[in-house]
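Let's go through how to read a model like this one, feature by feature. Ask as we go.

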Amino acid sequence: MMRFSRAALAGLSLLGGAVADEDIVLPPVVTNPNFPERLLVLLPGGLVPNENYKMTGEAIQNATTDIRLTVVIPQVFQRLCIITCPGKSVCSPLKSRIDDAVSKSSFKGTKPKEDTFIAGHSLGATCANFLMQGYNYEYAGLLEFGGFVDLTGDASIANFSIPVLHMAGEVDGGGARVSSMAGLYAQSMAFADSHSLEESLIKKPVQILEGLDHSDFCPGFFVTKTKDCKSEVTQDVALDTIGEVASAFLHLNAPTSNATKQAAIEVMKKRLTFTKEMAEPFLTAFQLEGAEVASPPAGVPAGPWCNVGQDTVAGLSPSDAGKLKAEKCTLITGGLHQFEHQHTNYSIKQDGSLEVSCFTAIEPSPHSISGSQFSATSVDCKMVDATRIAEQLKVQTNTSMSCADVNRKAVEVAMKMLPAKSLKRFQEKGRGVCFMEDASAPGNIGPLWVQSSIKLEETKECLEVTSMKLISDIHSYIYPGNHYCKLLSPAAAMDWMMTDSHKPFPYPSSERFEAIMI
């Protein structure tokens, strides 16, 4: 199949924007009456013409060998399914729209719990999730393309009552980026631990697709709204990959032959190898933010990250470093208000070493639904400062060590955790990280520091990182002997290196992207 340039196809999409979409019905490619009949409804992403999903639907059909598969791609109001399905309790307008579109096909199934699968891309994946919950999971399964179900609660992967497939591209620039898929992968693997790997690959598979971006699911429409990266595979490869994984899921959840199911399991296992390579480093990085890592990779500290910060700002010489015995920094999970009221402590031990206590809080990304999925916006640390350590140990310390010095270590550690392929891409093409001088909270006031934020500013050259600090040395009248930092998370550094550092700056609008994507 010839690959048209995305610019040309997108131009056709934009020209057709003034014309209302029409429901698309793709009749089965396989017509053997001995094979089961199934329906796949594919909900378009936000502002994407449903015509741009026709090739995706055909790719899934062509890869689905043992099922008479009808694909319906409904047009949705103003190309925004969320208008007619803003939540699980108000999804009936979208349901009616789907039923109307399906009525235009020759599909005659009457048992959606057995014969109907719902898929959605991007915003369509959100609507598909709401639809499932609103209609009590009355379908055979859900396929989430570049999107995901609830991250916690009754509709999370762990508790989803019907089979659900998640797949997204390795260079997806939106919410379904690798760092997000990593958390979903962890849930899928937890299910495998309590059941079996094969059962997880049938009921709750999560797959990161090598080289694909967010826009590969809607060929010809580059999703600038999502700030996508650029695909690293041809359109043919992307469609073949999507078709292979989606059809494997359909084969595994339909009455197909044992041979077909075994082949589908092998597809899922093969794809899982790459998914694991991409996801597991992020799981280590997430843990490192606020907990101790049991078996960190070579060159990666055990954490928690604030302990790395404490060792850094202590400013001890290599010969004196062993005299500091920092307890594992206590993670405060009750929010910044509770974190505000935690205070460091210290004591000299009989062997002459200094034991200090420190505290950490994780500030979740504002883009995270649950606060547990994406890398943290910052890791907040309350640590003992170098003047106190010098006073207690009666040694000289380097009092110039800064939060920025800890941020440099975050980037060093992130580069050690990145998959080799991702590291190579970043080193060859990515924008770097610039460490700016620490900024102080107004008046050096503790509560104002707690409410302040780390500054992450994207430029043409790099990501500029400015930590907020609060230093009260031993001569301070208020809580003397402390060094507070809002730090860059190693996971956030990995996220930048793997995804956002590869986007053009400034990012193109929908009117400008054609020129750079040819």
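Q: What is the torsion about the S-S bond of C81 and C127, and is the disulfide right-handed or left-handed?

A: A disulfide here is a pair of cysteine sulfur atoms within 2.5 Å. For C81 and C127 the torsion about the S-S bond is about 90°, so this disulfide is right-handed. Their sulfur atoms sit 2.1 Å apart.

Q: Before we go on, what kind of model is this, and how are residues numbered?

A: This is a predicted model, where local features need pLDDT of at least 70 and side-chain atom pairs count only at pLDDT 80 or more, while totals for chains, interfaces and linings use all residues. Residues are numbered from 1 along each chain as its sequence is written, and side-chain values use heavy atoms, with hydrogens and water left out.

Q: Are C81 and C127 buried or exposed?

A: Buried means under 20% relative accessible area, exposed over 50%, and partly exposed in between (1.4 Å probe, protein chains only). Both C81 and C127 are buried.

Q: How many disulfides does the structure hold, and what pattern do they follow?

A: There are six disulfides. Count the bonded cysteines along the chain and the pattern reads 1-4, 2-3, 5-8, 6-7, 9-12, 10-11.

Q: What about the disulfide that joins C329 to C358: is it right-handed or left-handed?

A: You read it off the torsion again: about -90° for C329 and C358, so this disulfide is left-handed. The S to S distance is 1.8 Å. The pair links distant parts of the chain, 29 residues apart: C329 is in the loop between strand 8 (324–326) and strand 9 (330–331), and C358 is in the loop between strand 11 (354–357) and strand 12 (359–363). As for cover, C329 counts as buried at 4% relative accessibility, and C358 is buried with a relative accessible area of 2%.

Q: And where do C403 and C485 lie?

A: C403 lies in helix 14 (residues 403–417) and C485 in strand 19 (residues 482–487), so this pair ties together parts that are 82 residues apart in sequence. The S to S distance is 2.1 Å, and the torsion of about -85° makes the disulfide left-handed. Both C403 and C485 are buried.

Q: How do I read contacts, say which residues D495 touches?

A: Contact means heavy atoms within 4.5 Å. Not counting residues up to four places away in sequence, D495 touches R177, S179, F282, S375 and D500. D495 is found in helix 17 (residues 490–498), and with a relative accessible area of 8% it is buried.

Q: Which residues is P205 in contact with?

A: Leave aside neighbours within four places in sequence, and you get V164, L165, H166, S188, S200, F249 and M268. P205 is in the loop between helix 8 (197–203) and strand 7 (206–209), and counts as buried at 0% relative accessibility. Take F249 from that list: P205 and F249 are 44 residues apart in sequence but 8.2 Å apart in space, C-alpha to C-alpha.

Q: Zooming out, how many helices and strands does the protein have, and what share of its residues is buried?

A: The protein has 18 helices and 19 strands. Of its 518 residues, 56% count as buried. Contacts tell you about the fold as well: among those between residues at least 6 apart in sequence, 73% join residues at least 24 apart.

Conventions
Helices (H or I, at least four residues) and strands (E, at least two) are DSSP runs, numbered from the N terminus.
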